[in-house]
Amino acid sequence: MSVSSAAGETIAAISTAAGEAAIALIRLSGEDAIAVADKIFRGQRPPSDLGSHTQHLGEIVENGTIIDRAMLAVHRAPSSYTGEDVVEISCHGGALVTARVLQTCLHAGARPARPGEFTERAYLNGKIDLTQAEAVIDLIRAQTDLALRSATEQLRGQLGDEFRQLRQRLIEVIAHVEASMDFPEEGISPDNTGTIRDRLDSLQNTIGNLIATANTGRILRDGLRVLIFGATNAGKSSLLNRMLGFDRAIVSEMHGTTRDAIEEQINLRGIALRLCDTAGLRVPENTVERQGIERTLQMLETADLRLHIVDASTRPPPDFMTTADELLILNKSDLPAHNHWFGSDAIRISCKTGAGLTELADVIYRRIGGAKLMAESPLAINARHREQLRKAADAIARGLAAIEGGATREMFCVDLTEALRAVDELFGGGDEEAVRDAIFSQFCIGK
Ligand SMILES: Nc1nc2c(ncn2[C@@H]2O[C@H](COP(=O)(O)OP(=O)(O)OP(=O)(O)O)[C@@H](O)[C@H]2O)c(=O)[nH]1
Ligand SMILES: [Mg+2]
């Protein structure tokens, strides 16, 4: 695996979040990490004398001035997160003191790290593969137990292992065909055709199963988009506030209160929901309201689940309609229901009293297949993986068609090599730089 030309440079960053805290962590990585530490750390022994994976108390000093008392840990290459010499300084977590410690590192020869550069180096030095690097982002961003479990499994390399097995099987098929390539312009012998077809079918099956986890992966990483919509004054904003547990959206008896979509994330029994309140649907009274309503209609098309809220104490508007793919919710059950709703088996709630809200959560959980999501293997691919797997599947499909069409072995191998390239890119092979930039730019500085 190639090591970037910048890897020799020693980088430094504050790895903990900005703001006041008990401690902050400043990290150094690179050839001169320990030399930089020698210049700025005053302890019983200089960092260059300290054993790997040990931690020592001392002072961070610049030009004879003590900046902070701090703990310093040395992790020598290659047994470190990045695979390079790494020094970690745990200092007091004030914004100014942390910035000063970092500055001291920079004055002593380090340069500021780019977002994700520590993890990028771990990848470049072969400590982790790309799927594990992606798992680091997922882990940091995880909002639910399920997302956390999935990211942890991926970080352990489970998803990478699945991809590696796929790669191995593909290589075996290619090797099998190439072994009989004395006359590449010839077709594949009938003896071989059946075996190869079976193996490729089985590979397509595995790829199909992996691609099928993409939706779960999206839900884990981004949350399910749940849209609250309906006529004005139905209680949409009241429902958002109830489900969030605090007053996020303005509620009023005035029709057309909400003008813009308001999105908040909630955790429904381990599943992240991106709950969105929208502008109420009616004939708009002005351009602002029209825009709001247009936005609601657009969002309705992409939502994973639509919650259609109605005020059950009133007659529905003449153009009222509901479809089976949305969840009809009769709000204001604390008030006498209008005749129209008699006999309706839609779920009844009251955002005023809280009645029916637990049942609503049950219904939503069932609708989104919550139990199945929670029980599934936590391994789920992301959009980039899906793209690569699709490319591989398409190339294999072309290969299969080529066999049926009596193509030459050489032509057949071109398709399979293309499939292999797509699988390799899952780990970071192929168009390295572009893929890497896309992944590591999502990180925070210091990771
Ligand atoms: N009695 C009763 N009133 C409710 C209930 N839920 C909401 N309301 C009232 O209904 C009115 C409208 O509530 P909102 O939550 O602002 O309704 P909305 O659907 O967001 O309305 P727009 O933003 O205008 O589309 C407010 O006066 C709420 O207090 C309920 O369960 N019972
Ligand atoms: Mg509203």
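Which protein donors does the magnesium ion (ligand 2) have? In this predicted model, they are Ser237, through OG, and Thr258, through OG1, lying 2.0 Å from the ion. Ser237 sits in helix α9, while Thr258 belongs to the loop between α9 and β9, so the pair ties together parts that are 21 residues apart in sequence. Both Ser237 and Thr258 are buried.

Now to the sheet. Seven strands make up an open sheet with mixed pairing, and reading across you get β3-β4-β5-β6-β2-β1-β7. The edges are β3 and β7, each of which pairs on one side only. Further in, β2 and β6 run antiparallel and are joined by eight bridges.

| Element | Residues |
|---|---|
| Strand β2 | residues 21–29 |
| Strand β3 | residues 41–43 |
| Strand β6 | residues 86–93 |
| Strand β7 | residues 111–112 |
| Helix α5 | residues 145–155 |
| Helix α9 | residues 236–244 |

Over on the surface, there's a nonpolar patch formed by Leu139, Leu148 and Leu155, and together they have about 200 Å² of accessible area. Leu148 is found in helix α5.

Key. Residues are numbered from 1 along each chain as its sequence is written. Chains are lettered from A and ligands numbered from 1 in the order in which they are written. This is a predicted model: local features need pLDDT of at least 70, side-chain atom pairs count only at pLDDT 80 or more; totals for chains, interfaces and linings use all residues. Side-chain values use heavy atoms; hydrogens and water are left out. Donors are N, O and S atoms within 2.8 Å of the metal (3.2 Å for Na, K and Ca); water is not among the atoms, so sites may look incomplete. Helices (H or I, at least four residues) and strands (E, at least two) are DSSP runs, numbered from the N terminus. Buried means under 20% relative accessible area, exposed over 50%, partly exposed in between (1.4 Å probe, protein chains only). Patches are made of residues with over 30% relative accessible area and no salt bridge: like charges are joined within 9 Å, nonpolar side chains (Val, Leu, Ile, Met, Phe, Trp, Tyr) within 5 Å. Accessible areas come from the Shrake-Rupley method with a 1.4 Å probe; for residues, only the protein chains shown count as cover. A salt bridge is a side-chain nitrogen of Lys or Arg within 4 Å of a carboxyl oxygen of Asp or Glu. Two strands pair if DSSP finds at least two bridges between them.
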